[in-house]
Amino acid sequence: MKKPVQLIVFHAGQDDPKKCTAKKLHRFGFATLQKTVRRLPSHAVLLDPFAEKSLSCEDIALAQRHGLVALDCSWKTAEQTFQSLEIRMTPRALPFLLAANPVNYGKAYQLSTLEAFAAALYILDEVVQATSILGIYTWGHRFLELNKEPLEEYRKASSSAEVIQIMNKYI
């Protein structure tokens with residue numbers, strides 16, 4: 001059986017705990033929460049909306065070896081936090097996708113931590129793991145329904161540049 005990609009969250013505790021998808025991922029055993037930046041793994045793939053390069057199949061080996069890291073912090077401090085982590089990790093942006101979470105339903109780029117991980121896993125051809133983590137919420141399957149076509153195209157893309165070309169079709 002294939003080992004799942006490790007999911008790690010820098011959790012700053014700055015949002016509503018009842019709506020925090022990162023905490024629920026942790027409770028269900030799908031993700032590890034870290035409260036200090038220095039405890040985050042080096043060389044992991046950092047899901048960073050400010051990154052210059054898009055996540056693609058080129059990142060599969062790195063993610064399988066070192067994991068995926070998401071930041072669960074306030075957008076007021078996010079850019080500074082991402083910049084400090086880019087030195088130790090491989091920053092990658094997610095391409096255009098629509099949120100299915102109840103707070104930001106239908107909004108582009110407004111993904112919850114759960115949706116960001118699921119999108120990354122799907123793009124990295126870890127479709128079973130992506131589907132599995134989405135199952136912790138009743139609305140989780142809607143994320144895949146809303147984004148089925150672009151996710152499939154991103155997953156089949158051969159490079160970050162091709163992911164960007166595909167994304168431009170959807171914007």
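Which elements cover the buried residues of helix H5 (127–134)? The cover includes strand S1 (7–11), helix H1 (21–27), helix H4 (113–123) and helix H6 (140–156). This report describes a predicted model, in which local features need pLDDT of at least 70 and side-chain atom pairs count only at pLDDT 80 or more, while totals for chains, interfaces and linings use all residues. Residues are numbered from 1 along each chain as its sequence is written, and side-chain values use heavy atoms, with hydrogens and water left out.

**Overall form**

The protein has seven helices and five strands. Helices (H or I, at least four residues) and strands (E, at least two) are DSSP runs, numbered from the N terminus. Read from that end, the order of elements is β-α-β-β-α-β-α-β-α-α-α-α. The C-alpha trace spans about 40 × 35 × 35 Å along its principal axes. A compact globule of 171 residues would have a radius of gyration near 16 Å, and the 15 Å of the protein agrees with this. That radius is taken over C-alpha atoms, and the globule rule is 2.2 Å times the number of residues to the power 0.38.

Buried residues make up 50% of the 171 residues. Buried means under 20% relative accessible area, exposed over 50%, and partly exposed in between (1.4 Å probe, protein chains only). A contact means heavy atoms within 4.5 Å. Of the contacts with a separation of 6 or more, 70% come from residues 24 or more positions apart.

In H5, the residues Gln 129, Ala 130, Ile 133 and Leu 134 are buried. Seen down the helix axis, the buried residues of H5 fall within an arc of 135 degrees, so they line one face. The arc is that of the directions from the helix axis to the C-beta atoms.

Helix H7 (160–170) has Ser 160, Val 163, Ile 166 and Met 167 as buried residues. These cover an arc of only 115 degrees, which puts them on the same side of H7. The face turned away from that side carries the exposed residues Ala 161, Gln 165 and Lys 169. What covers the buried residues of H7 includes H6.

**Residues in loops**

The following table lists the accessibility of selected residues.

| Residue | Relative accessible area | Class |
|---|---|---|
| Phe 96 | 16% | buried |
| Tyr 109 | 44% | partly exposed |
| Glu 126 | 7% | buried |
| Ser 159 | 18% | buried |

Glu 126 lies in the loop between H4 and H5. Its side chain is joined to that of Gln 64 by a polar contact of 3.1 Å. A polar contact is a pair of N or O atoms within 3.5 Å; within protein, one must be able to donate a hydrogen and the other to accept it, and residues adjacent in sequence count only if both atoms are side-chain atoms. Leaving aside neighbours within four places in sequence, Glu 126 is in contact with Lys 2, Val 5, Gln 64 and Leu 121.

Ser 159 is found in the loop between H6 and H7. With neighbours within four places in sequence left aside, Ser 159 is in contact with Ser 56, Cys 57 and Glu 58.

**A ring and a charge**

The charged end of Lys 24 sits over the ring of Tyr 137, 4.2 Å from the ring centre. This description applies if NZ of Lys or CZ of Arg is within 6 Å of the ring centre and within 35 degrees of the ring normal.
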